[in-house]
Amino acid sequence: MTAPGADPSLGDLSRAELGELLDGEPAYRLDQVWDGLYRQRRPLSELTNVPKSLRQAIGELLPPALTLVRTQSADRGTTTKHLWSLRDGHLVESVLMRYRNRTTLCISSQAGCAMACSFCATGQVGFDRNLSVGEIVEQVLGTLQETGSNDRSASGGAINIVFMGMGEPLANYEAVWAAVERFHGDMGIGARHITVSTVGVIPGIERLAAAAQPVNLAVSLHAANDRLRNRIAPINRTYPLRDLARSLADYRRAKRRRISFEWAMIGGVNDTDRDAAELAAYARPLAAHVNLIPLNPTPGYGHEPSPAGRIEHFAAELSSHGVNATVRQNRGTSIDAACGQLRADKLVSIGRHGRGARARAER
Ligand code: SAH
């Protein structure tokens with residue numbers, strides 16, 4: 001339920017678990033606290049219909065999992081990145097993106113990542129640990145509260161949650177799924193507004209196919225032949241393309257949800273007509289939609305994004321092969337908040353060495 005060795009945070013507890021804790025209180029107290037936290041999405045301290053002494057007792061027993069370290073904005077204030085410190089000093093990031101009629105929240109599922117995709121900043125720094133349910137859920141609550149987006153009219157439409165921050169969600173299945181249930185069952189965010197993005201961890205895809213909620217599934221493909229994919233996304237050596245396709249076909253059948261492929265456009269690496277033809281042959285039988293993301297620069301990867309003209313041409317090639325593709329707008333590049341740029345744990349070594357950490361990190 002929680003991070004190894006850690007005391008639980010408020011976000012770790014299910015409704016039933018909080019109910020046990022409130023045993024002895026009038027029954028309506030649980031409703032008040034739960035609705036306040038998850039329907040109204042307000043901090044515990046603001047739930048003034050609950051006696052202050054009780055709020056304090058809960059807060060002491062279940063202190064927050066996350067402390068906000070830094071907020072950065074880009075794209076004229078429509079993109080906001082939050083850097084959170086976990087109790088053990090690890091850092092994770094979440095990104096909120098406002099669009100005209102929706103708000104998308106990109107959250108992390110692990111501190112670091114073990115998948116080691118060559119072009120991804122998180123992959124370049126390696127794996128620290130899985131996040132707990134509370135550490136995932138509190139990213140959403142904290143971000144909505146910090147940005148004043150917990151009210152639908154302020155957010156200008158539906159809230160979407162995407163597991164496209166740091167980490168591989170299907171390598172932390174239990175906590176990710178408990179968080180999905182919280183978003184869905186308690187916060188009222190529909191499964192079609194929740195997207196799990198995976199590099200292709202087949203056992204996790206199989207579990208998703210058997211799960212109760214039909215969430216959207218995004219697969220970070222980037223290459224449609226094993227030779228290239230083994231290099232770009234080494235997990236492909238364990239879960240090769242052919243097996244992956246089979247599990248995706250099963251997912252589609254079970255959940256009746258459109259699958260999407262993410263494809264970072266890397267100049268001279270995966271952006272030729274031949275790459276487009278291979279991708280189309282892979283995507284078409286799965287009726288998958290393709291999102292093309294211009295490669296975002298990361299410190300440990302020498303390649304450049306494909307030129308804009310090449311990306312347009314690639315999309316047109318896919319279309320001529322009967323596959324729909326969207327070129328993704330780049331958000332948050334200037335504050336390293338774009339896809340694959342999250343590498344908060346570069347600050348951990350500083351954070352572990354005392355009090356000056358925060359000031360230094362902010363420079
Ligand atoms: N581990 C999960 C989710 C995190 S990555 C996954 O692999 O899907 C979120 C998305 O950003 C993935 O599609 C990933 O491949 C992409 N990405 C990673 N690094 C990137 C980069 N430098 N430029 C563009 N996209 C990148």
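In this predicted model, the residues that line the largest cavity fall into 17 nonpolar, 12 polar and 2 charged. A search of the whole structure turns up 1 cavity of 30 Å³ or more, and about 490 Å³ of space lies in the largest cavity. Its lining is made up of 31 residues, and those nearest the centre are Phe 119, Cys 120, Met 164, Ser 220 and Gly 340. Several secondary-structure elements take part in this lining: helix H4 (121-125), S8, S10 and S11 each contribute at least two residues.

The ligand comes next, as the largest cavity is where the ligand sits. Strand S8 (194-198) and strand S10 (259-265) are the elements that give two or more residues to the shell around the ligand. In total, 21 residues surround the ligand, with Ser 197, Ser 220, His 222, Asn 296 and Gly 340 being the closest. Sorted by class, the shell around the ligand holds 10 nonpolar, 9 polar and 2 charged residues.

A backbone N or O atom of Asn 296 is found 2.9 Å from a nitrogen atom of the ligand. For Phe 119, a polar backbone atom is 3.0 Å from a ligand nitrogen atom. With Glu 168 the side chain is involved: one of its N or O atoms is 3.1 Å from a nitrogen atom of the ligand. The ligand taken alone exposes 530 Å², and 96% of that is buried by the protein.

The largest pocket has a volume of about 880 Å³. Its lining counts 36 residues, and Arg 102, Val 162, Met 164, Asn 291 and Arg 328 lie nearest its centre. Two or more residues of this lining come from each of strand S3 (91-98), strand S4 (102-106), strand S7 (158-163), S8, strand S9 (216-220), S10 and strand S11 (289-294). By class, the lining of the largest pocket comprises 15 nonpolar, 14 polar and 7 charged residues.

Of its 19 lining residues, Pro 43, Leu 44, Pro 64, Glu 138 and Gln 145 are the closest to its centre. Here the elements that supply two or more residues are helix H2 (28-39) and helix H5 (133-146). H5 gives the most to this lining, with 5 residues. The lining of the second largest pocket divides into 11 nonpolar, 5 polar and 3 charged residues.

Conventions:
Residues numbered from 1 in each chain as written. Predicted model: local features only at pLDDT ≥ 70, side-chain atom pairs only at ≥ 80, totals over all residues. Heavy atoms only, no water. Near = heavy atom within 4 Å. Polar contact = N/O pair within 3.5 Å; in protein donor to acceptor, adjacent residues only side chain to side chain. Areas by Shrake-Rupley, 256 points an atom, 1.4 Å probe, with all protein chains shown as cover. 1 Å grid on protein atoms, 1.4 Å probe; cavity = no way out; pocket = protein on both sides within 12 Å on 5 of 7 lines; lining within 4 Å. Sits in = over half its atoms within 2 Å of the grid points. Helix = DSSP H or I, 4+ residues; strand = E, 2+ residues; numbered from the N terminus. Nonpolar A, V, L, I, M, F, W, Y, C, P; charged D, E, K, R; others polar. Points joined across faces, edges and corners; volume = space filled by probe spheres on them.
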